[in-house]
Amino acid sequence: MKAAALAVGFALSTALGSLTIQTADAVERGGTLNFARYDGSKLVDPIYADRNPDIWMVGSLFSTLLEPSADGKDLVGSLAESYEVSADGKTVSLKLRNGANFSDGSPVTGEDVVFSLGRARNPDLGPWAGLLSAVSSVDASGADITISLSSPDPALLSMLATFNTAIVSKKAFDAAPGANDQEKSAALFAKGGPGLGSGPFYLSGFEQGTSMTFSANPHYWKEGEDGKPLPYLEGVHFQIIPDDATRVLKLTAGEVDVAEFIPFSRVAELDADPAIDMNLYPSTRIIYSPINTRDTRTDGSANPLADKRVRQAINYATNKEALIGLVLQGAGKPMSSPVMSSATRLATDMSPLYGYNLDKAKALVAEAGLKPGTEITLTTLAGSADDGTIFAALQQMWAPLGITLVAEQVDGATRGSKNRSGEFDIHTYGWVDDVNDPSQVTGWLGYYPTRKAVGTGWNNAEFNALYEASSSEMDPEKRADQYHQMQEIYAEAAPLLFMYETPFAVAVSGKVDGYLQTPLGNNVFERVFLER
Amino acid sequence: MAGVQYTLNRLVLMIPTFLLVMIIIFLLVRMLPGDPAVAIAGDKASDADIAAIRDKLGLNAPLWTQFWLFLTNTLQGDLGRSILMRAPVLDVIIARLPTTIFLAVYAISLSILIAGPLAFIAAINRGRWQDNVIRAVFQVGLSMPVFYIGLLLLTFLAAQLRLFPVGGFGETFLDRLYHLFLPSVTVALYTSAILMRNLRAAIIEVLDAEYVQFARAKGLPPRLILGRHVLKNALISTITLLGLSIGQLMSGTLVTETVFAVPGVGRLMLEAIFARDYPLIQGLTLTFAVLVSLVFLMTDLFQNWLDPRMRLS
Amino acid sequence: MTDLSLSSEIKPSRRPSRMQIALRKPGFMAGAAIIGASTVLALFPNVFAPHDPNFIDYLAVRQPPSWQHPFGTDLLGRDSLSRVIWAYSINMQMAVLATVFALTIGVIIGALVGYYRGIADMIFGRVVDAIITFPFLVLVIAVVAVLGPGLINMYIAITLVGWVYYARLMRAEVISQMTNDYASAGIVMGYSDLRIIFRHLLPNALTPIIVYWMTDMALAILLGSSLGYLGLGAQPPQAEWGVLIAEGRNFITTAWWLSLMPGIAIVLTGLGFSLIGDGLADLLRPRG
């Protein structure tokens, strides 16, 4: 519990309070948890999961070799009971746990590990293969697994605790119908049933866009507080309800036990309901806005935002606390590291990161010679109430700088295309880490070769060199220092409008205990139980 | 014989219409902004990945080739694969369509049950307070947007009074009737308002007709007159009207499914549009067009069968 | 907007002064009063709105109705009454702009194909069939998706689909007018086609068009607010009734005033247009 770092408003502190009360209850077994989701899974397969509703469910159906420790700072064994990294950082040895089984009772073998990691690092299959590019071979001899690397990779152990390296059964894949891996995966998912994964549950029902059911894996290796295998639940039933208000209504009407993605404007109201626990789980989600830093816009006109001082000025002129009050009703906090959430490892706390300072902002625009009445376009997501609010607030906040903020509303796909082509001034965006390591988000936001530094066109040689060096730096202290330097450079250059971090708001019926959403967003059901 | 000839003519007329429908759908989907390859690959993909996907989808081929492929594939029942659902578009639509059809049929039944008796009461009490009240209530109903009616019913009858479930659509038939009651009422309010007005007018027209006046003067019992003339007339006008308002009914289900979280094709259409799922948008638009024209056709044939004088010129 | 309710109200009226009858009809007068008041609000929202509709005051969010804020405040502390009033200018604009171009285009095309018939009329028939084969909302949403969400694009989308209904009505009307004496008289007298169409046929055929237009304006407000609600029409922070209801829908039980007031505005305005439509149907009913 990073309670100290998250003391934001009354709602959160009470939510954390109710969390600690929960764990005091004695566990009860049985029952099905009814869960209202904002969006449905399409294909829960470790290597093909590429949308959050898929990624966040992988861990319930499939186990990984390692997993994050309870405090998230370290890694502990899961399917592997121990691991060791060689002195040169080029060999990782793991030993499989005795008694780790797939959901049909068959044991997890070295062959399954070799098969699963082979899929995970095959660039012709899923989108995540690049995360394992340092791996040159995976071998198994009995319960001993050896992973050889072509160059040291400080993020590799974290990768082995990430959804894309979860272990699938080779036997199940071999037996599945289909000409290639994609078809086999789709067929296995469509069929459901035990035997494919070794997570706490297996998929037992799926209706496209409507519902999904998990049943308990009776052969799961982890033990509960009562000394018997987890999970406590018999199963989880998911209903897909994209509409925020309807999801909340379902919960308050008692038709479901959990509703996720509660609009922040309703957190206080649900928190006051004695039958409901309103939880705000710490997350790695950051909301920010990339700024186009190129000298000219795509239409050829001069780009006022190419000047670092103007970018700094709009950052100073943005009252983040006020924005958090308006959009999140206080349930959030300003970004404190420029390239990652504070819950990400190696985050440097630089708060206040561009704390509200209108005088400084005015001085900076004057120094930059920004013409009064300069038009800047904010591209927002059409139909998004949050984006509407952000626009209205920024328009008011930046007016004293002589900036006329104009809104341009587009849909998500168009915003994505604009980000790629650079046809924007500033646009709203968000991010959640997929990996328990800072390299992914830092590469995304700042390393030019990845995606032109999140489309901003910001290309800083020093930053790029540091990023490249850090990706094979095995000395934790040196790596931490490189990350620290990158964050300083990035903050100063301000290629983003730094906004805020938001928690995951999940409302749970009072009879539900032990539910957790991790900072990466993963829904964890293995320790959930229902009071009767 | 004339009936068969009429049916054939009617079917032949549908061919050019459907060619146009296909062209409209194809052009609309090609003109959608945002790259489908970006939609498939996601924000995090590299530019090279996207180029490869564009190639694979045939998006670099000339427009004419793409249309020909779309046309021939569709005729063979191949609507492509949904990006969002990762499954064949046809399968996705077939899985969701029954819910929407159930909702539509349910709503039509409710509209008839609501509008029929009320129209009758209004017509025989023409100009009196019963008539005025009924007409005023439906007039207000007609001025309410579907999403607003749904929102009010959902909040007050389902969430506050807990008389009905908030969402979902049930497992058994009876369960489904119960779950989809509020969504159906939402759709039915609008249809029944239109139906009521027309039925009322139709009944009044018959009542005012000379032959009915004559029958009355002759002293025939009113019940017999109503039974014989009014019912037939009312039936024809009801079916015609319901058939012609199928498009509106579908528009209504689209909004209602969104408000009530009913997993039908209407909600799917909005999801597909927001996700830029081109093959799915194409397939769904076509499905709607096919549904509507089938209903038009059936209405037309039925009308023709009941009243051969009303043939299309 | 395939409103079929037009053909209703077939009550025969044989009395001489229809004008007087219509003016005596309470429905028509009520409709005229509502639309008159709505128009005034739409034209001068700044005069009637007590506050700036976009002024954010996050110290006073979701306040219940009071003397200072008769409709309460919204989730950003903006004055709800002022937002509902300012929305009049957008929603009334919707009623006009979403229909008037469809009407113009439809009337011209309908009159031309009705007069000349032939190949153009056949093609027109297929186009009409193809367009009415799509549920109205589905096609409008698809076109909005192509053009991008927003008010202007919504007008374009509704016009692209909606002209068909006017054209169909106009064509039928012109064809029936052609059988009348004055049209044939015009042809005999050697008037030009355009003169016959625009001086003689069109004015006489306009009556049902105008009646339909009234209903269509009511429907335009319903459709426009639905699209606003779905996030495809007017965009927040713009004050539009559908958007206001969408913003308030999360608080329908706790801050009911947020979604109730714009809802009432929609119903009242819609009612106003349809009452006028009904009244006009009586007033303008052709002789015979």
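Of the 288 residues of chain C, 56% count as buried, a residue being buried if 20 or more other C-beta atoms, placed from the backbone, lie within 10 Å of its own. This is a predicted model, in which local features need pLDDT of at least 70 and side-chain atom pairs count only at pLDDT 80 or more, while totals for chains, interfaces and linings use all residues. Residues are numbered from 1 along each chain as its sequence is written, and chains are lettered from A and ligands numbered from 1 in the order in which they are written.

Chain C has eleven helices and zero strands; helices (H or I, at least four residues) and strands (E, at least two) are DSSP runs, numbered from the N terminus. Two residues are in contact if their C-beta atoms, placed from the backbone, lie within 7 Å. Of the contacts in chain C with a separation of 6 or more, 71% join residues 24 or more positions apart.

Chain C touches both other chains discussed here. On one side, 47 residues of chain B are in contact with 42 residues of chain C. Elements giving two or more residues to this side of chain B include α1 (2-31), α6 (129-142) and α14 (278-306). The side of chain B divides into 31 nonpolar, 13 polar and three charged residues; Ala, Val, Leu, Ile, Met, Phe, Trp, Tyr, Cys and Pro count as nonpolar, Asp, Glu, Lys and Arg as charged, and the others, Gly among them, as polar.

Gln139(B), Val140(B) and Leu142(B) of α6(B) meet Val267(C), Leu271(C) and Ser274(C) of α11(C). These residues comprise four nonpolar, two polar and no charged.

With chain A, 22 residues of chain A are in contact with 17 residues of chain C. The largest share of that side of chain A, seven residues, comes from α12(A).

The largest nonpolar core has 335 residues; such a core is a set of buried Ala, Val, Leu, Ile, Met, Phe, Trp, Tyr and Cys residues joined through C-beta atoms within 7 Å. Its largest share, 20 residues, comes from helix α4 (residues 80-116) of chain C. Val258(A), Leu154(B), Val138(C), Val140(C) and Ile158(C) have the most contacts inside this core. Leaving aside neighbours within four places in sequence, Leu154(B) is in contact with residues including Leu249(A), Leu182(B) and Phe260(B).

Note on methods. Buried ≥ 20, exposed ≤ 12 C-beta atoms within 10 Å, placed from the backbone.
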